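Try each task before reading its solution.

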Amino acid sequence: MQDLEKLQKIINYTFKDESMLLTAMSHSSYTNEAKGEFQSNERLEFLGDSVLGFITADYFYRNFTHQPEGDLTRLRSATVCEKSLCGFAQKIGLGDFILLGKGEIVSEGNKRPSILADAFEALIAAIYIDGGFGPAKDFVLQFVEGSVKKAKSHKDYKTILQEVVQRNPEERVEYVLVNESGPDHDKCFEVEVHINSNIVGKGVGKSKKMAEQHAAKQALELMGI
């Protein structure tokens, strides 16, 4: 049996009912071999997905007040995707505490992104059931806020430019590919960014996205931003 006391110290939450944490860490492969002696974490994962979705939606709604619905949806989707949840689980070493069946142990199932992500969602639900919404929110936000800060450290010039332009509803931003050169393995793209058909920036990059970022950066510099 894994050291659940150690896990509680890592997550900074002490369970009133430790069996809830045990269930959250019990993969179906483990409970199947135990022949019904334990519940798997699948039901908790179902609940945790919804709790996580609400907490992140509430966070982005309150903290990104000028972002439209589509942008908020993309932010939340990026935060609750399997890749992100797997990363959150890895930060706390959750794979060391997941109970697996013999076959999953051999195949190192505790490193599989889907298993890690599911266990993380189950853990959220376990905290929610055991301690209520407050502790669950505190637990989730430490990961969400860290993820947002990391994203902000890498400037997204296209998003910044879009936010600037949206202040004037009559203005529209368009990125136009004006040149593409080089062999398939070493392409070079040149892009212009237009605001209402006026060229306000140009960019070159090894991908269209990179060229667009450079064009947006030049446009912002032209605006003094």
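**Exercise 1.** Find out whether Asn41 is buried or exposed, then list what surrounds Asn41.

*Solution.* Start with the accessible area: Asn41 comes out at 4% relative accessible area, so Asn41 counts as buried (buried is under 20%, exposed over 50%, partly exposed in between, with a 1.4 Å probe and protein chains only). A caveat on the numbers: this is a predicted model, where local features need pLDDT of at least 70, side-chain atom pairs count only at pLDDT 80 or more, and totals for chains, interfaces and linings use all residues. Residues are numbered from 1 along each chain as its sequence is written, and side-chain values use heavy atoms, leaving out hydrogens and water.

Last, skip the neighbours within four places in sequence: Asn41 then contacts Thr23, Ala24, Ser26, His27, Ala119 and Ala122 (contact means heavy atoms within 4.5 Å).

**Exercise 2.** Work out the strand order of the open sheet and its edges.

*Solution.* The three strands run in the order S1-S2-S3, with antiparallel pairing (two strands pair if DSSP finds at least two bridges between them). S1 (173–181) and S3 (198–205) are the edges: each has a single partner strand, so one side of each lacks a neighbour in the sheet.

Now zoom in on one pair: S1 and S2 (residues 188–195) share eight bridges in the antiparallel sense. Asn179 stands opposite Glu190 in S2.

Conventions: Helix = DSSP H or I, 4+ residues; strand = E, 2+ residues; numbered from the N terminus.
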